[in-house]
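Below are some notes on the model, for reading beside the coordinates. They take up a few local features in turn.

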Amino acid sequence: AWFARLEYHAGKEGDDRKFRAFANRILDAADFPPVRAAAYDRLMAFVLPRFESHPERSDQWAKMLSVAPTTETAAAVERLLVDSPAMFDWQRFQLWKLACQLPAPVSGRLVDKAVEVSASTLSEAVSAQAILFLGRFGSNAQRENLFLDQFKLQRASCVQRAVLIALQELP
């Protein structure tokens, strides 16, 4: 019954507030292992397209998708960050935050984009999230370069802190 209501509210006639409420109830039910497999995949089919149809709620969609990201989630994140970049800084921030939760291995294109974004000064918050992504998925050389390239510059404290966190994974 919940999926029928979710499908209705995912349509043009539906209410976004009710969609989020039903999606969150399904996520709560998915905490139980017997329900998880059946519920999560069906739910993600409804949530992934909402990054484009309802970008103003990107924080909600990223939170829902971060519970158990799949290869479909990784493909959508890559598409929204690399192929057709999201328009707003706050949406890119949420997408990089979600990217940090993706299962390994991740696409080389996404890692290359993170290197590019980490050097950008357009949005310090977005750069910091991309640096955290590199801390998880980047090579040792990329992490060392973060310190050399980003920490010594006059960057915001959130970026410098992200560099220090990213370096924790170095051997």
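1. Helices here are DSSP runs of H or I with at least four residues, numbered from the N terminus. On that basis Thr70 falls in the loop that joins α5 to α6 (71-83). The model is a predicted one, and the points that follow should be read with that in mind.

2. Is Thr70 buried or exposed? Its relative accessibility is 16%, and the cut-off for buried is under 20%, so Thr70 counts as buried. Apart from neighbours within four places in sequence, Thr70 is in contact with Tyr40 and Asp41.

3. Helix α2 runs over residues 16-29, which makes 14 residues. From first C-alpha to last it reaches 20 Å, close to the 20 Å expected at 1.5 Å a residue.

4. Which residues of α2 are buried? They are Asp16, Phe19, Arg20, Ala23, Ile26 and Leu27. These residues cover an arc of only 125° around the axis, and therefore sit on the same side of α2. The cover over them includes α1 (2-10), α3 (33-47), α4 (50-53) and α5 (58-65).

5. The loop between α7 and α8 contains Pro105. The peptide bond leading from Ala104 into Pro105 is cis, with omega near -5°. For context, most peptide bonds are trans. A reader checking the backbone may wish to look at this bond.

6. The largest pocket has a volume of about 210 Å³. Its lining is made up of 13 residues, and the closest to the pocket centre are Arg92, Val117, Ser120, Leu122 and Val126. Helices α7 (89-99), α8 (108-118) and α9 (124-137) are the elements that each give two or more residues to this lining. Sorted by class, the lining has six nonpolar, three polar and four charged residues.

7. Ser127 belongs to helix α9.

Terms used: Residues are numbered from 1 along each chain as its sequence is written. This is a predicted model: local features need pLDDT of at least 70, side-chain atom pairs count only at pLDDT 80 or more; totals for chains, interfaces and linings use all residues. Side-chain values use heavy atoms; hydrogens and water are left out. On a 1 Å grid over the protein atoms alone, a cavity is a set of points where a 1.4 Å probe fits but cannot get out, and a pocket is an open set with protein on both sides within 12 Å along at least five of seven lines; lining residues have an atom within 4 Å of a point. Grid points are joined across faces, edges and corners, and a volume is the space filled by probe spheres set on the points. Ala, Val, Leu, Ile, Met, Phe, Trp, Tyr, Cys and Pro count as nonpolar, Asp, Glu, Lys and Arg as charged, and the others, Gly among them, as polar. The expected span of a helix is 1.5 Å times one less than its number of residues. Buried means under 20% relative accessible area, exposed over 50%, partly exposed in between (1.4 Å probe, protein chains only). The arc is that of the directions from the helix axis to the C-beta atoms. Contact means heavy atoms within 4.5 Å.
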